[in-house]
Amino acid sequence: MNTHEITKSIEGLESKKLDMAGKDFLLTWEKSKDEIEAAFLAADALRALRDAGISARLWDSGIAVSNFRDNSTRTRFSFASACDLLGLYVQDLDEGKSQVAHGETVRETATMISFLSEAIGIRDDMYLGEGDKYQREVGKALDEAVEAGVLPSRPTVVNLQSDVDHPTQAMADFLHLCHHFGGLDRLKGRKIAMSWAYSPSYGKPLSVPQGIIGLASRLGMEIDLAYPEGYDLIPEVVELSKRQAEASGGSLRVLHSMDEAFEGADIVYPKSWAPFDVMQRRVPLLHAGDQAGLKELERECLANNARFKDWECTEAKMRLTKGGGKDAPALYMHCLPADISGVSCEAGEVAASVFDRYRDDTYREAGYKPYVIAAMILLGRAEDPGHALRSLLKRGTPRSLV
Amino acid sequence: MNTHEITKSIEGLESKKLDMAGKDFLLTWEKSKDEIEAAFLAADALRALRDAGISARLWDSGIAVSNFRDNSTRTRFSFASACDLLGLYVQDLDEGKSQVAHGETVRETATMISFLSEAIGIRDDMYLGEGDKYQREVGKALDEAVEAGVLPSRPTVVNLQSDVDHPTQAMADFLHLCHHFGGLDRLKGRKIAMSWAYSPSYGKPLSVPQGIIGLASRLGMEIDLAYPEGYDLIPEVVELSKRQAEASGGSLRVLHSMDEAFEGADIVYPKSWAPFDVMQRRVPLLHAGDQAGLKELERECLANNARFKDWECTEAKMRLTKGGGKDAPALYMHCLPADISGVSCEAGEVAASVFDRYRDDTYREAGYKPYVIAAMILLGRAEDPGHALRSLLKRGTPRSLV
Amino acid sequence: MNTHEITKSIEGLESKKLDMAGKDFLLTWEKSKDEIEAAFLAADALRALRDAGISARLWDSGIAVSNFRDNSTRTRFSFASACDLLGLYVQDLDEGKSQVAHGETVRETATMISFLSEAIGIRDDMYLGEGDKYQREVGKALDEAVEAGVLPSRPTVVNLQSDVDHPTQAMADFLHLCHHFGGLDRLKGRKIAMSWAYSPSYGKPLSVPQGIIGLASRLGMEIDLAYPEGYDLIPEVVELSKRQAEASGGSLRVLHSMDEAFEGADIVYPKSWAPFDVMQRRVPLLHAGDQAGLKELERECLANNARFKDWECTEAKMRLTKGGGKDAPALYMHCLPADISGVSCEAGEVAASVFDRYRDDTYREAGYKPYVIAAMILLGRAEDPGHALRSLLKRGTPRSLV
């Protein structure tokens, strides 16, 4: 059994200064650089353990709560896989079955679902200005319940996508980049194009691009954030990312040309999103259940989108990237599912031939997510995560007899 | 590791005379005093095991069926937590997906879901006269299937709330009282006010107050059951509770004044319910799917409720309780969620300031439910539950490596 | 502990020539006779392990995906029980929540749900011409993902009912027959009547009768397939079964008389299904969501069904079977739930008195399904399934401390 790689990751993890136990993972920019790296290392260690056939069950029983306010296959399976890997049983908190609102109800529900829980995964990205707020409210309620002696321990909240950030996605994306480019330090100075792309749908959340610029800007990368005029992200997140980029020795430019962003890029991430102001206008309509208003907003938004059908990741655009004239163009990334022109829609974010060439890369990218989530749970719960991982290695229970 | 408390509970449990294995837990009053106490002791032992970090997985595999005929977050999570603690995997039997009716269908479904099952939790409280009956029908089908050699063992049925009793709630409530007052024997002679309270909703089940008087009356308590004229419970349950109270050296009075009930009480449990006769009239309407009839009944019932808005657990009422004039008024209890005036509704069961003071108590109260359910499963399955618990202690598997 | 029976089954299994690892279980007729027998032996071994109180957890963690495109209690519980027995956590892939279509979407979804998965159970029987095709598409996507190094291992796909075959049902049925008649070799030469029966419903899938004739024809049995004119099965499956019957030294006759089929039968399987051509006409209506067209087809089909109300498994018909004149008539089988005349419907597939006598047999029949599914997963995953089973025996972990 090759345990070298596992041990190396654990040693790396143990060299980091952490203050994550008892805390939640809501926004990457609330975590120190050491903590981000620790999450990557823990994810690598957990994956290496599984690859070596060693059980990663840190718990022999315990509940993980899955709270999805919207549909999701990928993240749902990633969360379930992560929890099962660690030995936790996933119990859905179905908003349809039990409305989680605010104030007293949040406080009470958060406690009621947590008596034997270790982790709570929340996805709440539809209502701009509310998802992140709600997750903090849950966290605060848990803190109070622990302090009052009502809960035996503090379950850790993992943001499975909010209106502000999508840290499990961004962290999986960058763990993929680490492995693709041969290390986190190899990302410094590389150019990433986070670009809006055309899609025949509307209302896609801002948290993916925000998550990407929020994390890339920690790593000294040259970020080109490109979108048609009007398709702004949350201004505060862009400002913060700019400051972070500067501090890390990188840069962040906002452009309104996909071509310019792709020019010389090492990495391209063409992905549709709804304009910030549309998302803002959408919230009161959603709350009011104003179907006519929503329909009208959709119509207007789709009509506007249609003006930017040329924001498509084509072969021609890929040729603009670094090495694009030669054999090795930029790495294409996507959180999936992508709108593939001529495949999943008539015209979309990416040309079929481009996507075809990078399909396996995007699958590999997605494959990091379960381990990233498992790492976040481990780090949110363990006072000494290195020791916990070493215990798994020492115990050496085979994951399977097959 | 402090295992003293665990051992003490196990020893207590072993001193009881039990006939619970292979039986169901449907009504507390079908269980002997020893059996009730055994359930409390088993719950304490399981909780102490978990607190000591020792795995309580009695099973390494096995199914627990969760059959909820109405929505529920609290009980659903309690059941899932209990089952996971014991090592059972919860599989939902969704009535929406698979209608469980009566006769042949009940017999067949009960068997089909039980080939590898250890426990079946059923919540069926909406139809007066049917929930308890249905649970018995399931139990009978299981008995027959075991006798015919069709099932390898008899899963135990746990009543997660029926039209008649809510034993997991009542048992959790009284385990909370045990710990609050320092022992089951310390409840004898104490006065509990089980009082109706105003709520702006209607159709709340009778099983909570029935469960409380059905169990309090076993423990020598002085019970004041108070409600506005017309808001009767199932007469047979009240009669039975009166007889039980007498036999246990306590008493049960039926009053029509919240004030009188609160007067000198050690414990108050102000909680809304629908009148018995309304619940009776509701059943045929529900069966017929008579939306107009249901709407009309609701309207009538809400109008009637509104006459009793002063049935609210206010600061003034709390001052009537024992120690209420001084610093230590009665213990407030609720099964949650409570209708809190000015918080979850305009006017409700309890004043916000009262609830605020007791919030953590009610959370603590709820925290016993997973362990009570786990205890019921253990006792319904184990021929020698003390031995099973000792085996857990002896095995000493850590629940977590974190 | 009696481990003799377990060892005997394992030895039998080890004597078979298998090529099942990394493959899917979609149609029994794609498996060799040795492979069919191996599945029976593995199922017996797993059941015997459980009966002996020995844990059959081959995995300590791992995901099993449950993908049901229609409602099902029995198969859902069988799958969940099988997976839990082996240590896998079942995660539902809810088509309502995440539409699984074809092409790119199938490829992508199949990969996204499989990063930590060991098995994928799919039930897709409503659309004639599509279920089996879809399952193969999933399998192909998994092969590609493994080859590309995107998935660490190949989850095995288990057909939980397609438009073509229902192998978990057929295999459970025949494992029941093995045990009933004392061995697989004791089935040779026996007569089985797979007969259509009247039901007041319509649209029942063809996969049950197809599965029965497709498997019985491998075992040298004399098969009478009986149905009213027009109620054909998929012609290719009948042709294939005829050829298989001949090759195995048995026979397959298609008759249009229930009486003739029952005449001298050892086993009768009276079960309703929709005519092949009705299922064909139904597919475009379902796709178009043409409610009026579906309603009209149903009306027509029910009217046609009603002409054959005498296709009922009555006492008189049972007397026609071998030993029917004496005390020991044929064994009645059904996949459940049966339409029982005067019980679940006015007039149905079987007389109440007949069903009553065989109820426990049908329950026993159903009881094999979880073990058959577990065996299929084991064989689809283990390079050396005999060794895996021996490891369980050697490890000897008790399944329960109760």
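In chain C of this predicted model, strand β8 is joined by 2 bridges to strand β9 (residues 331–332), and the two run parallel. Strands here are DSSP runs of type E with at least two residues, helices are runs of H or I with at least four residues, and both are numbered from the N terminus. Two strands count as paired if DSSP finds at least two bridges between them. Within this pairing, V268(C) stands opposite Y332(C) of β9(C). Strand β8(C) also has a partner in strand β5 (residues 191–195) of chain C, to which 4 bridges join it, again in a parallel arrangement. Here M194(C) has Y269(C) of β8(C) as its bridge partner.

A residue is called buried if 20 or more other C-beta atoms lie within 10 Å of its own, exposed if 12 or fewer do, and partly exposed in between, with C-beta atoms placed from the backbone.

V350(C) sits in the loop between β9 and α13 of chain C. Is V350(C) buried or exposed? V350(C) counts as buried because it has 28 C-beta neighbours inside 10 Å. Two residues are in contact if their C-beta atoms, placed from the backbone, lie within 7 Å. For M126(C), 224 residues from V350(C) along the chain, the separation between the two C-alpha atoms is 24 Å.

Residues are numbered from 1 along each chain as its sequence is written, while chains are lettered from A and ligands numbered from 1 in the order in which they are written. Because the model is predicted, local features need pLDDT of at least 70 and side-chain atom pairs count only at pLDDT 80 or more, whereas totals for chains, interfaces and linings use all residues.

Turning to chain A, the domain assignment, which comes from an automatic or database source, gives domain 1 (4–165 + 369–395) and domain 2 (169–366). The C-alpha centres of these two domains of chain A are 26 Å apart. Their contact draws 21 residues from domain 1 and 23 residues from domain 2 of chain A. On the domain 1 side, α2 (33–51), β4 (156–162) and α14 (369–381) of chain A each supply at least two residues. The largest share of that side, 6 residues, comes from α2(A). Sorted by class, the domain 1 side has 10 nonpolar, 4 polar and 7 charged residues. In this sorting, Ala, Val, Leu, Ile, Met, Phe, Trp, Tyr, Cys and Pro are nonpolar, Asp, Glu, Lys and Arg are charged, and the others, Gly among them, are polar.

Helix α6 (residues 167–181) of chain A has 15 residues and reaches 20 Å from its first C-alpha to its last, close to the 21 Å expected at 1.5 Å a residue. That expected span is 1.5 Å times one less than the number of residues. The helix α6(A) is mostly covered, with 12 of its 15 residues buried. Among them are P167(A), F174(A), H176(A) and C178(A). Just after α6(A), G182(A) takes a positive phi of about 90°.

Between chain C and chain B, 28 residues of chain C are in contact with 28 residues of chain B, and α3(C) gives the most to the chain C side, with 6 residues.

Finally, a rotation of 120° with 0.0 Å of shift along its axis superposes chain A on chain C, with an RMSD of 0.0 Å. The two copies are thus related as by a three-fold rotation axis. Copies are superposed by least squares on the C-alpha atoms of residues with pLDDT of at least 70 in both. Of the residues of chain A, Y89(A) comes closest to the rotation axis, at 4.7 Å (C-alpha).
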